[in-house]
Each structure stands twice: as structure tokens, then as C-alpha cells.
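User: I am new to this structure and would like a quick tour. Please show it to me.

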2 protein chains.
Amino acid sequence: MTAETTAPTLSFEDFLVGQVFESKPYEITRDDSIRFASEFDPQEFHLDPDAADASFFKGLAVSGWHTAAIAMRLRVTTIRVKGGMVGAGIEEIRWTKPVRPGDVLRLREEVVGTRLLSSRPEYGLVKMNSTTTNQHGEIVMTMKVSALAPRRAVTMV
Amino acid sequence: MTAETTAPTLSFEDFLVGQVFESKPYEITRDDSIRFASEFDPQEFHLDPDAADASFFKGLAVSGWHTAAIAMRLRVTTIRVKGGMVGAGIEEIRWTKPVRPGDVLRLREEVVGTRLLSSRPEYGLVKMNSTTTNQHGEIVMTMKVSALAPRRAVTMV
């Protein structure tokens, strides 16, 4: 267990609208960026510096799906849900600014809604607005996340 | 260049509502699944078979963000956009069924809208509904994607 993962685990009842979670920083190295893009998003502007300079991004850019995957890492290492955070769905992703190799990202998650699920009485649904910023404080990605968390009453009987 | 990436490149004008693209199959190995989850989604039900058996997923599951990253790979190797496919945003992601290590995924993309952008006259916006299925033909993920493609008239003058 690293220091990142020692936060106490949360049940559904621990999530309150207005609550904010903030992650530690995460640096994306150039090697990591190119490795991810080679496997999952093999496009020139993610792989080839010269082609990237002439592209839409005007320079090497990190794949938006790499940024989304890093946001998930920061989410689950910052917000520890009992038994694991189960993604229910995403309502929206916006990539608002290019992410560059070497950037240092942070995640901020704000709880915007909680409700019980009649179909799954042992879980509740938590809605969060997720904002990823770079080292300049610029927002590079926003996301609306829905996740399941187990109810305390059920998990403790 | 692999065989996957030799399809002709498309401009905005080549996208027509109703058009369907279908990818080749892609197998997710257990090693790949655990490697991705270790880096981006380090939760027990993606990493530890015994803990996974007792979890929400009742068995080892592939991270939903791994499935999303694979869908991007299948998208950009099936639909080759001139200069690269620039993601404008995602309206919705639904993980409709667990993906298991060893599953073989395929992507189907249907063009559901195209329009010009007054803010970027050299590009057009293409909206696609994306469906990822497993080897049993079951839908494991759906997504609503918006991407930019360069206009032919501008890129050819």
C-alpha cells in the first residue's frame, strides 16, 4: 500500500453534496505519453514531435484517453470506496485544453448528488463533477461521473 | 504501418449520417488487463482474482477505462481522419456489462450527425454513436462521441 491508498474507505452515507476531494499531483512523462498513445491512440500528434508541430495541437499532445485514465487513478487513490468504486456511467467529458508531456495534473471532485437505487438496495449512486487541472491551474478536462458506493447499513449487518 | 492503418484518410465531407464503421476484433489478455489496472485503476476487482470473486463484479473485470481506451484504438485504426481524429467531447458513456480478461471486443460506430463549426471554419463536427461488443455479441459499452474532421475544400486548396 502506498501513501496514496491509505485514506479510510467510504460508504454511500459518507458522501455529502458539496463535499470536495482533491488529489495529489501526477506527472505525465513523455515516455508514458508516447507508450499510452502507441497502444491506444496511435495518431501522429500524440507520437511524432515534427508531425505534431504541424497539427491541430501545434505540438505533441497527450491522448485525451490517457488524461481520463489518469483521472481515474487519481479518483480511486483519493476517494477510497469500501469494496471499490464501481463506475455507473459518465454523462459528459470535455477536453478543454491540450495536455502536454511533462504536465503535472491534479484532480478535484465535487459531490453534486446522491440517491438510493431501488434496483440495487445495497448500493447508492454518487454523482460527482470532476475537474482536472495542469500545473498552471488551467482546466484541461471536465467530467460528470456517476459511481456506486455500498450502503453502510447493509455492509455492516 | 500495420494493415489496420492503411484505410484511406477521410475529410469532413466523407462522413454521412447513417454511415457505419466496423472494427476488427481486439483481444484483451489477462496480463494487459492487470497491467492497465495497476497503472490507472488499482482496485481489487481488477487486480486480485480472489477478491474479485467476492466483489460487485463476481470475478476479475477489465477496467472500464481500459475498455474505453481500446475503443479509441479501434476507432482511430478503423476510421482514418486526415491529420488525425481530434476528440471534441463525449456526451455519454455506459458500461452495460462487465468485460472479462480474455474477451474479444469489436467496435461499431454510426454517424448520427455532421455540422460545420462557425468558430473553426476549417473543420466540421462529426457525431457518432459507438457500440463495443464482446465475442458473444453482447454490448459491453456504449458511447456518444463528437470529433473534429478537416474540411476537404480547405485542406485541398
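User: Which strand of chain B is joined to S3(A), and do the two run parallel or antiparallel?
Analyst: This is a predicted model, where local features need pLDDT of at least 70, side-chain atom pairs count only at pLDDT 80 or more, and totals for chains, interfaces and linings use all residues. Residues are numbered from 1 along each chain as its sequence is written, and chains are lettered from A and ligands numbered from 1 in the order in which they are written. Strands pair if DSSP finds at least two bridges between them. Two bridges join S3(A) to strand S3 (residues 86-95) of chain B, and the strands run antiparallel.

User: Which residue of S3(B) stands opposite A:Ile90?
Analyst: Strands here are DSSP runs (E, at least two residues), and helices are runs of H or I with at least four residues; both are numbered from the N terminus. The residue opposite A:Ile90 in S3(B) is B:Ile93.

User: Which element gives the largest share of the side of chain A that touches chain B?
Analyst: Two residues are in contact if their C-beta atoms, placed from the backbone, lie within 7 Å. The contact takes 28 residues from chain A and 28 residues from chain B. On the side of chain A, helix H2 (44-47), helix H4 (64-78) and strand S3 (86-95) each give two or more residues. The largest share is nine residues, and it comes from S3(A).

User: Why can one say that the copies meet through the same surface?
Analyst: Compare the interface residues of the two chains. The copies meet through the same surface because the interface residues of chain A are also interface residues in chain B, at a share of 100%.

User: How many residues of H4(B) are buried?
Analyst: A residue is buried if 20 or more other C-beta atoms lie within 10 Å of its own, exposed if 12 or fewer, and partly exposed in between; C-beta atoms are placed from the backbone. H4(B) is largely enclosed by the rest of the structure, because the buried residues number 14 of the 15.

User: How many helices and strands has chain A?
Analyst: From the N terminus on, its elements run β-β-α-α-α-α-β-β-β-β-α. That gives five helices and six strands.
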